[in-house]
Amino acid sequence: MKPVVLLEDIYKTYTNGEVQVHAVRGVTLQIESGEFVAIMGSSGSGKSTLMNILGCLDRPTKGRYLLDQVDTSGLERNERADLRNQKLGFVFQGFNLLARTTAVENVELPMLYSPIRVPPAEMRERAMKALDIVGLADRADHLPNQLSGGQQQRVAIARALVNHPQILLADEPTGNLDSRTSVEVMGVFQRLNDQGITIVMVTHELDIAHYCKRNLIVRDGKVVRDEAVRDRSISAVEMEKLRNAEAAAKLIHSA
Amino acid sequence: MRITATSIIALRALRRNKLRSILTALGIIIGVAAVIAMVSIGNGAKSSVESQIASLGQNVITVFPGSSNMGGMRGGWGSSSSLTIEDAQAIEREVMGVVAVSGEVRDRQQVLANGLNWNTTVMGESPGYLSIRAWELETGTMFTEADERSTAKVAIIGRTVANNLYTDGDPVGQTIRIRNLPFKILGVLKPKGFNFFGSDQDDVVIVPTTSAMRRVARRTNLSSILIQAQSPDAMPRIQQEITDLLQQRRGGREPDFNVRNQMELAEAATATSKTMTALLGAIAGISLIVGGIGIMNIMLVSVTERTREIGIRLAIGAHDRDVRLQFLIEAMILSLLGGVLGVLLGIGASELVSVQLGWPVLVSTMSVVLAVSVSAFIGVVFGFYPAHKASQLDPIDALRFE
Ligand SMILES: Nc1ncnc2c1ncn2[C@@H]1O[C@H](COP(=O)(O)OP(=O)(O)OP(=O)(O)O)[C@@H](O)[C@H]1O
Ligand SMILES: [Mg+2]
């Protein structure tokens, strides 16, 4: 089987005047279809930079990136925009929803920029379906500021899903969420992954990384560890545990 | 290009910022309204000047007496008293393409009727005078060539004189006393209002030229001769022929008359009002440009303010031209909206001016069409730079923007 993502000796150097920051230095990585990868590492180790390269938002300074057999380095700005639109779904660290725009209109956005025209009726239908997948169909007409952080994150996930991407990229999707909502979001990811979507996400939290199938550790712009996850956490099970714990706490409290 | 999708996007973006959208459009609204109102007022003034000029009559050539020269002492224009009724008759007889000729005698007199009296201008004219001045009778008839030949004591009077002397009933058939002679009133003229110089054209009694010369003014010369030409094209030739004819009738003497063409006056007057319209239009046009700069300014601010939004769009797959088109469409919708609202406001303001101040106002379709298309054009021109700037942002830089 051909890998969906193939990074060959990727470098990314930021130049700020005299100072050069080597954010990524020599990453070679292969991700197969259906994988569920967590990238971990300390702050400033180059995780977001790597994700931006994977998401075709940024270009590597050096190295080759094949996305679904296509070499992205030769593509120009608008061709990469089409790749982002069609093959990739990106969930940003800070949600990045359009303010004062309803959840469903936010989810429709990628279809408005689709190279293949989507009729408005189909647009609405697909957006609602995506919201349903993340369990937010009943909040379609809510504005972002009327939604909780976890709900906003789920709208962002629905938006990333709506064009049926091959890969879902998420930069710290649970960074701003409490543990319960984090488990919820990981539940959504696990279900999507079970349906065959390849997922790559960044996280700081070890227990969150444990929901994935493969963990990468990045240090100083290099992948220093790459291992499969054993005994991975299953969101349904963890949810059950959480519920029991809460019930117990309540019992103790009321006793 | 994804025009439909982009239009949806632009409309949604405008809807999200209603207040800003309205404020942005305000500059154009005021600019367009100013253009419409100013041009309407200017056009109103122009058309009232034109109608006043038309009321002086069409294709009229006037012969005035020239300066006198008595033993080397030269008087000013009009000081000579050399125009005669024979001159008028000669012109009528010999110059081709003349429709009507009227030898004019003017005199101020105290006139009496019904035990009332009134100081007015008594004018001696030929029957062709009404045609020359494009003047019509309200009631009654004009006197005739026969009256002219017989120095008949007949008159037609203006509205003002009728109002002041005949407070009850129709003056036609009644008698008016001029220099204590009874003149029979044949007709009353339609009101013509005030002329350029502010004098009341309806404050007049008109009698045949011969009657005026012999019975009223008691003089042998004319104040002027009015000639109506067949067509505007014929005027230069007729003017020349009149000059030659009168010159010939005076033998070798120094010319003591002056032939003036009414179009000269008309041209000067319309030129003035045209200048005024242009000036008002220019001032208003400047405010329209200021409105356009306002759009550009707010669009530029909004590009900065919406950097994150643009970043999100680019990250999600918008092409640079999608973003450019979005901002262009936004600017165009705003300026078109401003244009339409401005037209309504401008027409409203024009109406208000005409009702409140009584100024003549004329809203021209031309200025409406022009103002709306200029505002759309301004939207494109002034929207382009911000739109281009937005489209050139780098997606991650834009997303990182705080
Ligand atoms: N635009 C930029 N210009 C200059 N340096 C940058 C830029 N973006 C990132 N860097 C530098 O590159 C390095 C890697 O940054 P990156 O954002 O990838 O880290 P990270 O692993 O995502 O960290 P965190 O966990 O805090 O999000 C850092 O040292 C950072 O300062
Ligand atoms: Mg990061």
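**Sheets and chain contacts**

Colleague: Over how many bridges do strand E1 (residues 5–16) of chain A and E2(A) pair?
Modeller: Strands are DSSP runs of E with at least two residues and helices are runs of H or I with at least four, all numbered from the N terminus, and two strands pair if DSSP finds at least two bridges between them. One place to look is A:Asn16, which stands opposite A:Val19 in E2(A). E1(A) and E2(A) pair in the antiparallel sense, and the number of bridges is 10.

Colleague: Which pLDDT do local features need in this model?
Modeller: Residues are numbered from 1 along each chain as its sequence is written, chains are lettered from A and ligands numbered from 1 in the order in which they are written, and side-chain values use heavy atoms, with hydrogens and water left out. The model is predicted, and while totals for chains, interfaces and linings use all residues, side-chain atom pairs count only at pLDDT 80 or more, and local features need pLDDT of at least 70.

Colleague: How many residues apart in sequence are the parts tied together by A:Lys12 and A:Asp58?
Modeller: The pair forms a salt bridge (a side-chain nitrogen of Lys or Arg within 4 Å of a carboxyl oxygen of Asp or Glu), its closest N and O atoms being 3.3 Å apart. A:Lys12 lies in E1(A) and A:Asp58 in the loop between H1 and E4 of chain A, so the parts tied together are apart in sequence by 46 residues.

Colleague: What area is buried between chain A and chain B?
Modeller: In this interface 27 residues of chain A are in contact with 28 residues of chain B. Buried area is the accessible area (1.4 Å probe) that two parts lose on being put together, summed over both. Carbon and sulfur atoms give 51% of the area, which is about 2500 Å².

Colleague: Which residues of chain A lose the most area to chain B?
Modeller: Three residues together account for 30% of what the chain A side buries. They are A:Arg77, A:Leu112 and A:Tyr113.

Colleague: Which residue of chain B forms a salt bridge with A:Glu105?
Modeller: Across the interface of chain A and chain B the rule finds 4 salt bridges. In the one formed by A:Glu105 the closest N and O atoms are 3.4 Å apart, and the partner is B:Arg12.

Colleague: Which element gives the largest share of the side of chain A that touches chain B?
Modeller: The elements that give two or more residues to this side are helix H2 (77–86) and helix H3 (103–112) of chain A. The largest share amounts to 6 residues and comes from H2(A).

Colleague: Which residue in E10(A) is the bridge partner of A:Ile217?
Modeller: E9 (residues 214–219) of chain A is joined to E10(A) by 6 bridges, and the two run antiparallel. The partner of A:Ile217 in E10(A) is A:Arg225.

Colleague: Which residue in the turn between E4(B) and E5(B) has a positive phi?
Modeller: E4(B) and E5 (residues 116–125) of chain B pair in the antiparallel sense over 9 bridges, and B:Leu112 stands opposite B:Asn117 in E5(B). The two strands form a hairpin with 2 residues between them, and the residue with a positive phi, of about 55°, is B:Asn114.

How values were computed: Contact means heavy atoms within 4.5 Å.
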